[in-house]
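Biologist: I'd like a close look at one part of this model: the place where the two chains meet. Please keep it friendly, and spell out the terms as you go.

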Amino acid sequence: MSKRRLARPRCWDALKPRTIFMLTAAATVKLIKEKKLKAAAALEERLELIQAKDGTIKAFLEVFQASARARAAAIDAKTAAGKPLGKLAGVTVALKDNLAYAGHRMTCASKILTGYVAPYTATAVQRLLDEDAVIIGRTNMDEFAMGSSTENSAYQTTKNPVNTARVPGGSSGGPAAAVAAGFCAAALGSDTGGSVRQPAAFCGIYGLKPTYGLVSRCGLTAFASSLDQIGPLTTTAEDSQLLLSVIAARDPGDATSRQSPLSEKYADIRGLRVGLPMQYFSARSGVEPAVSDAIEKLTARLASAGAVPVNISLPNCEYAMAAYHIIAACEAASNLGRFDGIRYGAGVKGATLAETYKKTRGQGFGPEVKRRIMLGTYSLSAGYYDAYYLKAQQARAMIRRDFNAAFAAADVILTPTTPTTAFKLGEKLGDPLAMYLSDIFTVPCNLAGLAAISFPAGSDSAGLPIGAQLLAKPFKEDLLFSVIREVERGH
Amino acid sequence: MDITTAEVERIAELARLELTPEEKTLYRGQLGHILSWAGRINAADIKAAPFAAPAAEPAPALREDAPAISGQGQAILQNARERELDFIKVQKVIE
């Protein structure tokens, strides 16, 4: 039976020996289809674990007990009636709190959406439901997905299940912690500049950022629309591939989504060129020795399997962080304009309509969200547009050009996901710029709209997980999975 | 890069954000710091760059502009702060 191959998180210590919460999504489906496991039993054990341990981890903002139990019962009834089951039968999936699920609350971890109930279901979530997945709850995040530690939530601070003195990463810290702790088989997050990959790396799991356009963003609360993409967090590469195969589709609800057939075949990696960007491994890049050692080991492992490591250059990536923060802030300033206190969420009534807007937004948004709205508004304002927004878009074009050149010399690109392992809670909270820089290796991929995945690559001397990142050309997710399969075959 | 309190107030007005005096002081320092750092973008050699296309390539595929019933009317109205019958109630827009 296929179980997670990751380290046992500390929050499992002193638990009586049970196994269902260690099952992967694929293994759960198999057992349910073989009638060896009931969806209700698979769900109950996860719920018990949440009850016992989430008081410490604080991954969930709300557990959807009633609707999850009803769905699990419906799946078991289908089985009993001999009806065919979906590809995700009985798989428990947690949602980041910026994904809409009709009839359920959604806050984006912000006070401004207190009491909001989603009137419809996000396309990606609906596709999971259509394949008989069980949505188990909504999980914590940095407010409106702005942050890298989940400490910017207006509600609670999530802990890293591997070491509770450390952050789980962000902004999808709740989904990553929930999966790493075994509270659910998988989760959906969103990745604007690394928000799926960075927490996956910090929590020791797999986090996929699909190619821009591969997964519909309909029902994902918009942060930066040209960068946002929904992606799965899982305990194996096989599960990542399984969830992607379900959520990837062209959707009339998102004009940027497109149909792209996903190859389920694995490519032969002999002769595959693995690009190593020299800028990412320079002394200036701030990569911890344990992290660069892990990437070196991976490179050697791939070379011994017949892949060909090649040095590549991404000269404009040093401007990626600045370009990203300007573009993301500008898009956020525009997208978050809809939170006016009138149509949804909490509102603070002023004497005039203008005052209602200002009070609602001033009191409803947290510090990081206000900071980014201010930065975006400034960068788009008369007199500064050319120096910031236009320049950032031009730098983005240069970064895309760098990647086009790099992908002429390499088939995939290998980098660390983050320069360091998970940092301590509170360590970077007072310094926004230091927090931004933890995404230095993940951001360029979003600017270029590429496919990327973070996967576990060992741990440092303190036992904290290290993540490796693989990048591929748009719609070449199959190459990412082929490489990981080869790496893991050697373990 | 120095940002003045007047600039912070102007940006907050444009962004429809009511800030406390403490927030104005905080953002004045932090925005100045972040903008100085972001200003490094001006060192990028963008001679070869066109005005950047959006990330979506090829161009977005628009659906037919056909009227349809969403069936979500009541669920949407439930979220409004104030409503009257089937309308969302808004304060006077034109002063």
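Which residue of chain B forms a salt bridge with A:Lys359, and how far apart are the closest N and O atoms? Please take me from there through the rest of the meeting place.

Modeller: The partner of A:Lys359 is B:Glu18, and their closest N and O atoms are 3.3 Å apart. A salt bridge here is a side-chain nitrogen of Lys or Arg within 4 Å of a carboxyl oxygen of Asp or Glu. As a general point, side chains of opposite charge can pair when their charged atoms come close.

A quick word on the ground rules. This is a predicted model, so local features need pLDDT of at least 70 and side-chain atom pairs count only at pLDDT 80 or more, while totals for chains, interfaces and linings use all residues. Residues are numbered from 1 along each chain as its sequence is written, chains are lettered from A and ligands numbered from 1 in the order in which they are written, and side-chain values use heavy atoms, with hydrogens and water left out.

Now step back to the whole interface. Chain A brings 68 residues to the contact and chain B brings 60 residues, where contact means heavy atoms within 4.5 Å. Together they bury about 5,600 Å², with carbon and sulfur atoms giving 64% of that area. Three residues, A:Lys358, A:Met374 and A:Tyr378, supply 12% of the area that chain A buries against chain B, more than any other three residues. (Buried area is the accessible area, with a 1.4 Å probe, that two parts lose on being put together, summed over both.)

Which parts of chain A do the touching? Helices α9, α10 (353-364), α11, α12 and α13 of chain A each supply at least two residues of the side that touches chain B. The largest share, 13 residues, comes from α12(A). Sorted by class, this side of chain A has 37 nonpolar, 17 polar and 14 charged residues. For that sorting, Ala, Val, Leu, Ile, Met, Phe, Trp, Tyr, Cys and Pro count as nonpolar, Asp, Glu, Lys and Arg as charged, and the others, Gly among them, as polar. The helices (H or I, at least four residues) and strands (E, at least two) are DSSP runs, numbered from the N terminus.

Over on chain B, have a look at helix α2 (residues 21-38). This helix of chain B has 18 residues and reaches 25 Å from its first C-alpha to its last, close to the 26 Å expected at 1.5 Å a residue. The expected span is 1.5 Å times one less than the number of residues. Among the buried residues of α2(B) are B:Tyr27, B:Leu31, B:Ile34, B:Leu35 and B:Trp37. Buried means under 20% relative accessible area, exposed over 50%, and partly exposed in between, using a 1.4 Å probe and protein chains only. In general, an α-helix has 3.6 residues a turn, so residues three or four places apart point the same way. The buried residues of α2(B) pack against α9 (320-335), α11 (367-380), α12 (386-409) and α13 (432-436) of chain A, together with α1 (5-14) of chain B.

One spot in chain A ties in with this region. A:Asn316 sits in the loop between β8 (308-312) and α9 of chain A. A:Asn316 counts as buried because its relative accessible area is 11%. Beyond its neighbours within four places in sequence, A:Asn316 is in contact with A:Met398, A:Ile399 and A:Asp402.

A:Arg138 meets A:Asp97 at 3.1 Å, N to O. That pair links distant parts of the chain, 41 residues apart, with A:Arg138 in strand β3 (residues 134-139) and A:Asp97 in the loop between β2 (92-96) and α4 (123-130) of chain A. Both A:Arg138 and A:Asp97 are buried. In chain B, B:Lys89 pairs with B:Glu84, their closest N and O atoms being 3.4 Å apart. B:Lys89 counts as partly exposed because its relative accessible area is 40%, and B:Glu84 is also partly exposed, at 47%.
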